[in-house]
Amino acid sequence: MPFEPGRKRTPDELNFDIVGLARILGRRLSGRDELQVRLWQNELRPTHTRQCGVHTLAEPESLRQTADEALAWLTARAPAGYEFVRTDAVELRPLLDLTAPVVAVDAVIQLAGQYLPAARLAASHVRRSAAGDWYAGDAACRWSGPHETVEAAVAAVQAARAELVSQLIAAGREDLAATAPRWPAVPVS
C-alpha cells in the first residue's frame, strides 16, 4: 500500500517501533545492538517532532531482521489466549480457537458476534487507582468500582463472567459458554 505521510508509518518506521516496543516490555539488547538502535533512530527520526510515513533507511535489512527477532520475543510473551500479530502495527489479538487450552473472554465475545450486556465487565482487568481503590475496566474505562479490596473487584468481574455464560446460553451459543472453565484468571495489576 502507498505511504501516507503523517498517517501511516513506512515499513522501516514500523520495524523500528516493533524493536522499541520489545525494549519497553523488557527485551534487553547487547551494547552493540543498542548502539545500532540509536543509529537507526537518528536516521528515522532526525527531529523530535518528525512526521511519520516519510523516513526510510538506506539499508533496511538489518532492521527488518532485528524487528522479526523482537516480534518473536513478543510472541513468546503473549498472555495465554492471545497472540501478537503484525499488520500495519503490532496488535495483541485473542486467539479464536475454541479448542485451545486457554480461551480469552475477548475471543468468546468476538465470536458471539452480538451485543451481550455483561461482555464489557466480563473482559475487564482489575487495577488499583492512585487513591488506593480497586477498579475493573480496560485501559481506557472503568466499568466497576471503586472497590475497597482487590477481591471485591475480582468478584465483580467473576459475577459478570457468570452472567456472560447465561447470556451466551440464552443466545443459543452453548459452544461459547462451554469454554468458561478455560477462561484465564481475572488479570490484576
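Select Asp 68 first. Asp 68 is partly exposed, with a relative accessible area of 31%. Here buried means under 20% relative accessible area, exposed over 50%, and partly exposed in between (1.4 Å probe, protein chains only). This is a predicted model, in which local features need pLDDT of at least 70, side-chain atom pairs count only at pLDDT 80 or more, and totals for chains, interfaces and linings use all residues. Residues are numbered from 1 along each chain as its sequence is written, and side-chain values use heavy atoms, with hydrogens and water left out.

**Stop 1: the partner of Asp 68**

Arg 86 and Asp 68 form a salt bridge, and their closest N and O atoms are 3.2 Å apart. A salt bridge is a side-chain nitrogen of Lys or Arg within 4 Å of a carboxyl oxygen of Asp or Glu. The pair links distant parts of the chain, 18 residues apart: Arg 86 sits in strand β1 (residues 82-86) and Asp 68 in helix α3 (residues 61-76). Helices (H or I, at least four residues) and strands (E, at least two) are DSSP runs, numbered from the N terminus. Arg 86 is partly exposed, at 31% relative accessibility.

Now widen the selection to Glu 61 and Arg 64. Salt bridges that share partners join Glu 61, Arg 64, Asp 68 and Arg 86 into one network.

**Stop 2: two more bridges**

How many salt bridges does the structure hold? There are nine. Show Glu 34 and Arg 23. These two form a salt bridge, with the closest N and O atoms 2.2 Å apart. Glu 34 lies in helix α2 (residues 31-44) and Arg 23 in helix α1 (residues 11-24), so the pair ties together parts that are 11 residues apart in sequence. Glu 34 is partly exposed, at 22% relative accessible area. Arg 23 is partly exposed too, at 24%.

Move to Asp 17 and Arg 9. Their side chains meet in a salt bridge of 2.8 Å, N to O. Asp 17 is partly exposed, with a relative accessible area of 21%. Arg 9 counts as partly exposed at 27%.

**Stop 3: helix α1**

The expected span is 1.5 Å times one less than the number of residues.

Which residues of α1 are buried? They are Asp 12, Glu 13, Leu 14, Asn 15, Phe 16, Ile 18, Val 19 and Ala 22. The cover over them includes α2, α3, β1 and β2.

Zoom in on Asn 15, which is in α1. Asn 15 counts as buried, at 4% relative accessibility. Leaving aside residues up to four places away in sequence, Asn 15 touches Leu 63, Arg 64, Ala 67 and Arg 86. Contact means heavy atoms within 4.5 Å. Then step past the helix: α1 is followed by Gly 26, whose phi is positive, near 115 degrees.

**Stop 4: strands β1 and β2**

Select β1 and strand β2 (residues 90-94). They pair in the antiparallel sense over five bridges. Two strands pair if DSSP finds at least two bridges between them. A hairpin of three residues joins β1 to β2. Find Tyr 82 next; Pro 94 in β2 stands opposite.

**Stop 5: the largest pocket**

Keep Tyr 82 selected. Tyr 82, Asp 106, Ala 123, His 125 and Pro 187 lie nearest the centre of the largest pocket, out of 18 lining residues. On a 1 Å grid over the protein atoms alone, a pocket is an open set of points where a 1.4 Å probe fits, with protein on both sides within 12 Å along at least five of seven lines; lining residues have an atom within 4 Å of a point. The elements giving two or more residues to this lining are α4 and β3.

**Stop 6: helix α6**

Select residues 150-170. This is helix α6, whose 21 residues should span 30 Å at 1.5 Å a residue; its end C-alpha atoms are 30 Å apart, which agrees. Its buried residues include Ala 153, Val 157, Arg 161 and Leu 168. Among the elements covering the buried residues are α4 (105-112), β5 (142-147) and α7 (174-177). Gly 172 follows α6, with a positive phi near 80 degrees.

**Last stop: a cis bond**

Select Pro 146 in strand β5. The peptide bond from Gly 145 to Pro 146 is cis, with omega near 10 degrees.
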